[in-house]
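Here's a quick briefing to read with the model open beside you. Start with the view below, then work through the notes by topic.

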Amino acid sequence: MTLLSEDKPSRFPELGNHITAMEPCSVDCGSKGDFANSIESTVFGAVEPPRRSRGRLIMHGMVMFGREFCYAVEAAFVTPVLLSVGLPRSLYSLVWLISPVLGFILQPVIGSASDYCRSRWGRRRPYILSLGIMMLVGITMFLNGDAVVSAIVRHRGVKRTWSIVVVMFGVVLFDFAADFIDGPVKAYLFDVCSHQDKERGLHYHALLTGLGGACGYLIGAMDWGHSALGILLGSEYQVIYFFSALTWSFFLTVHLFSIPEKPLSKQLTSESSAPTAPLIVASNGTGYGALSKELLPTPELRPRSFSALSEANAVTSSAKQPSKEAQKRMTLKSLLSAMINMPSHYRCLCVSHLLGWTAFLCNMLFFTDFMGQIVYKGNPYAPHNTTAYATYERGVEVGCWGLCINAVSSALYSYVQRLMLPYTGLKGLYFMGYFVFGLGTSLIGLYPNIISTLSLCSVFGVMSSTLYTIPFNLISEYHKQEEDQRKQGKQDPSVQGRGTGVDCAALTCMVQLAQIIVGAGLGALVNLVGSVVVVVLSASTMSLVGCLFIAVFIRHVD
């Protein structure tokens, strides 16, 4: 429906008058849907960001390369570093417990604070910069803490205590910041890009994430201790820190200057001054072509949040919220309530996701330690100038090569999934990912030798690709089925008012819950059994249990 045109502008009556009939010669009367579409395009067209070039989007995604590079370094070396400074075996998994607990508590707070940040630099970039500095400080303390404490403290017992404290604090600080920075980075992309550019930007994010992980594991797999750079900087850990700090600082800077971000004050000003289409109101509200104001509410132009809880608010469509009570802001309490009261097939998907991530983290967080102690039969507690410790370090380096194989196989399997999907379906791919991972890790635990272990590292990539894609595809298919049932009037009352954001937030929480379970229980289990081989066997057991759970409880979709 055309309300305004350059050739023949429509004239509207003075205030106080009413339109009781519409003149066909001056206004093209269309359907109510056409009129609503015109208003939607008018309002949202005023705030749609401009298209971004490929170079700008790649620059924006560079931060994911640096983040995953540092993540790979942490995953490969955190356990060896903690054990080398003397942390008891029964406590070394607790370092993974603190960050997810803090995440559950602080995620809604930080997400809400970012929504209303009034910095002249924008809403997201101040938080990205702050978290980026925290990551740099954390990895500095993590990889250099032992060397710094050794240079300051001479007493052996005091030095051991302070080394453990500084290294653990660095690991927790880095892990906390690295976990949280992904949210504002995604929100920054969504704030400054159009709909088409968001999809392109996320594609570059995924690509650079895989490349960053592979490069990080490659750096860790090289023997820097006997190189010229290792002799110059003092040790292998200092060389790895040099590359990590340089990579992260450079790519974080590129990211922060990639795309300009409009401050919140200017966003509110532009949104309030954005042109809105006039509403045509009849005297009784029932005339032909007349629409009442209640039928056309002004779209809510709210700030976007980067937390999982607030993301649930942003993604959940107001059209699917039947009452004002359902439109309240998502909180930790309401998210937990939504998870408890969710339909059974969503709850089963969350349980299977929890089992999968628990199995995956059991293996990935302690794999290099497994290579050093079980496969290479080294000793992380031996003095640093002994053959036993050198053998352990060699096992850690080879373990990094295995994790690099995992990163490459994950990228390759993501393309294989597309080819297999028409033949197996989503549930078949989900089952196969868990089964292959469970079988491969069981063989690694039962027959720990170098060749077979490195060969079977490819199954880690199968599980990684499965966890990052299949559950969210199932969520999308479930909602699509419910939308079709809604159109046919066959909707289940238990799913009325649910949005994809709530269910995606629930899946995200399963990752943190899995990390809490691994951090709280795995160290005690290793101490009870007395061997790190229980780590890989636990991962295999959890994966095979998840495999059976998928076969029995996960709902099939066409």
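**A positive phi after a helix**

Just after α13, Lys377 takes a positive phi of about 60 degrees. Keep in mind that this is a predicted model.

- Lys377 isn't a glycine, yet its phi is positive, at about 60 degrees.
- For background, most residues other than glycine have a negative phi.
- Where does Lys377 lie? You'll find Lys377 in the loop between α13 and α14.
- Is Lys377 buried or exposed? With a relative accessible area of 68%, Lys377 clears the 50% cut-off, so Lys377 counts as exposed.

- How many residues of α13 are buried? The count is 9 of its 9 residues, so mostly covered is the description for α13.

**How α2 meets α13**

- In general, two packed helices are described by the angle between their axes and the distance between the axes.
- For helix α2 (residues 54-84) and helix α13 (residues 367-375), the axes come within 7 Å and the crossing is at roughly 55 degrees.
- That angle is why α2 is oblique to α13.
- On the α2 side, the contact is made by Ala75, Ala76, Thr79, Pro80 and Leu83; on the α13 side, by Thr368, Asp369 and Gln373.
- Sorted by class, this contact of α2 with α13 has 4 nonpolar, 3 polar and 1 charged residues.

**The nonpolar core**

- The largest nonpolar core has 127 residues, and the ones touching the most other members are Phe77, Phe142, Phe370 and Leu474.
- Which residues does Phe77 touch, not counting those up to four places away in sequence? They are Phe142, Gly220, Tyr237, Ile240, Val396 and Cys400.

- Asn406 lies in helix α14 (residues 387-446).
- Setting aside neighbours within four places in sequence, Asn406 is in contact with Tyr217, Met364, Cys457, Phe460, Gly461 and Ser464.
- Val416 also belongs to helix α14, but Val416 is partly exposed, at a relative accessible area of 35%.
- Between Val416 and Val462 there are 9.8 Å in space, C-alpha to C-alpha, and 46 residues in sequence.
- Pro448 sits in the loop between α14 and α15 and is partly exposed, with a relative accessible area of 30%.
- The C-alpha atoms of Pro448 and Phe370 are separated by 9.3 Å, with the two residues 78 residues apart along the chain.
- Pro448 is in contact with Phe370, Ile374, Val375 and Thr453, leaving aside neighbours within four places in sequence.

- Leu131 has its place in helix α4 (residues 125-152), where Leu131 is buried at a relative accessible area of 6%.
- Not counting residues up to four places away in sequence, Leu131 touches Ala177, Phe180, Ile181 and Pro184.
- Leu131 and Leu173 are 42 residues apart along the chain, and their C-alpha atoms are separated by 9.6 Å.
- Leu87 is in the loop between α2 and α3 (95-115).
- Leu87 counts as buried, at 3% relative accessibility.
- Leu87 and Arg160 are 8.6 Å apart in space, C-alpha to C-alpha, and 73 residues apart in sequence.

**The whole protein**

- How many helices and strands does the protein have? It has 18 helices and 0 strands.
- Of the 558 residues in the protein, 49% are buried.
- Among contacts with a separation of 6 or more, 82% are between residues 24 or more positions apart.
- The accessible surface comes to about 26500 Å², and carbon and sulfur atoms account for 63% of it.

Conventions
Residues are numbered from 1 along each chain as its sequence is written. This is a predicted model: local features need pLDDT of at least 70, side-chain atom pairs count only at pLDDT 80 or more; totals for chains, interfaces and linings use all residues. Side-chain values use heavy atoms; hydrogens and water are left out. A nonpolar core is a set of buried Ala, Val, Leu, Ile, Met, Phe, Trp, Tyr and Cys residues joined through side-chain atoms within 4.5 Å. Buried means under 20% relative accessible area, exposed over 50%, partly exposed in between (1.4 Å probe, protein chains only). Contact means heavy atoms within 4.5 Å. Axes are lines fitted to C-alpha atoms, for helices over the stretch in contact, and angles run from 0 to 180 degrees between N-to-C directions. Helices (H or I, at least four residues) and strands (E, at least two) are DSSP runs, numbered from the N terminus. Angles under 35 degrees count as roughly parallel, over 145 as roughly antiparallel, 65 to 115 as roughly perpendicular and the rest as oblique. Ala, Val, Leu, Ile, Met, Phe, Trp, Tyr, Cys and Pro count as nonpolar, Asp, Glu, Lys and Arg as charged, and the others, Gly among them, as polar. Accessible areas come from the Shrake-Rupley method with a 1.4 Å probe; for residues, only the protein chains shown count as cover.
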